[in-house]
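Please open the structure in your viewer and keep the selection panel at hand. The tour below moves from one selection to the next.

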Amino acid sequence: MSIEAAKSEFDLIVNKIPASERQFFYTWLRDVYLPATEDDPVDEKIIEGRINLQKIASELRSLVPFEGVLKSEKLFTPTSDEDKSLNKENTVHLDAFLYGPDEEEILVEEGKLSRSLCSDCGSKNIEDVTILTHSCSHDRLEYMFRGVLPSIKDLSVLDIGSRLGVVLFGAAYFSEASKITGVEINSELCSLSEKIIKKFRLGTRLQVINDDILNVPHIVKSSNVIILNNVFEWFQSTEDQVKIWRYLKETISSGTLLVTIPSLETSLEPLDTGISLEEWVSEEEPSNPDFNTDQVETTEMFLYKVK
């Protein structure tokens with residue numbers, strides 16, 4: 001087949017894709033397919049994982065609001081110095097797993113998402129809106145399991161507050177962990193995660209437990225790796241945050257690896273927990289510092305080892 005004939009065939013294929021989904025196909029082509037043709041190709045399992053995460057994101061987009069926040073969830077006003085100025089008026093929640101930069105642009109073009117607001121109605125006093133995610137982008141997931149963590153082959157992973165399950169899916173495709181568990185208090189979110197696990201046949205390694213993390217100390221103690229991704233501040237009162245952090249300090253086993261977004265220092269600073277981080281954990285360097293990813297995806301992710 002000639003190049004021109006191939007172009008024509010390609011155009012025919014693209015035109016068969018619904019307009020609303022076409023940009024997602026372009027994103028897949030750029031981020032997944034083309035890198036696989038480079039001189040130093042990525043392992044086929046990683047490529048397959050990227051493709052499956054794209055499919056999972058597409059599936060979830062049809063099931064949840066683009067914010068990724070359900071009506072059954074209750075959000076709290078943050079208390080940290082970095083986020084305490086945020087509120088419902090100047091903040092938009094957008095799930096980074098469901099919508100990457102290109103998909104975000106589509107939402108803006110379609111008028112479903114605005115990046116600015118008028119401070120004084122009718123005036124030109126425009127302020128930027130803070131776009132906040134409670135999830136991990138695809139790049140951040142890959143960096144977590146291929147760049148930050150060492151090999152976790154045959155180890156157990158726990159995601160506290162697993163929500164839609166995206167960290168679990170990332171662990172499934174980008175690591176060789178033998179057991180991957182999410183604990184999520186919201187039953188609606190658990191149902192969505194379980195639907196994906198069943199559809200993509202991930203049940204041999206993944207499980208989601210619908211419970212309060214305070215009720216499952218045996219799971220916390222037995223986990224080799226624990227993920228804490230923006231887990232408490234927007235979803236728990238200050239009093240409950242203090243209670244949970246003290247519980248985790250007393251329950252997590254020595255030697256456990258913690259991956260946190262943001263740092264433990266940032267999470268604990270506004271809380272009166274009485275926890276001494278110097279006595280509890282040691283900060284570790286990323287296992288693969290040369291891992292190639294967007295710098296934005298690496299700045300807020302930290303690795304610790306419990307003493």
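A salt bridge here is a side-chain nitrogen of Lys or Arg within 4 Å of a carboxyl oxygen of Asp or Glu. This is a predicted model, in which local features need pLDDT of at least 70 and side-chain atom pairs count only at pLDDT 80 or more, while totals for chains, interfaces and linings use all residues. Residues are numbered from 1 along each chain as its sequence is written, and side-chain values use heavy atoms, with hydrogens and water left out.

Select lysine 199 and glutamate 59 to begin, where the closest N and O atoms of the salt bridge are 2.7 Å apart. This pair links distant parts of the chain, since lysine 199 lies in helix α7 and glutamate 59 in helix α3, 140 residues apart; helices are DSSP runs of H or I with at least four residues, strands are runs of E with at least two, and both are numbered from the N terminus. Glutamate 59 counts as buried because its relative accessible area is 18%, where buried means under 20%, exposed over 50% and partly exposed in between (1.4 Å probe, protein chains only).

Next, select glutamate 4 and lysine 7, a salt bridge with its closest N and O atoms 3.6 Å apart, both partners lying in helix α1 (residues 3–16). Glutamate 4 is exposed at 53% relative accessibility, whereas lysine 7 is partly exposed at 47%.

Then move to lysine 249 and glutamate 250, whose side chains meet in a salt bridge of 4.0 Å, N to O.
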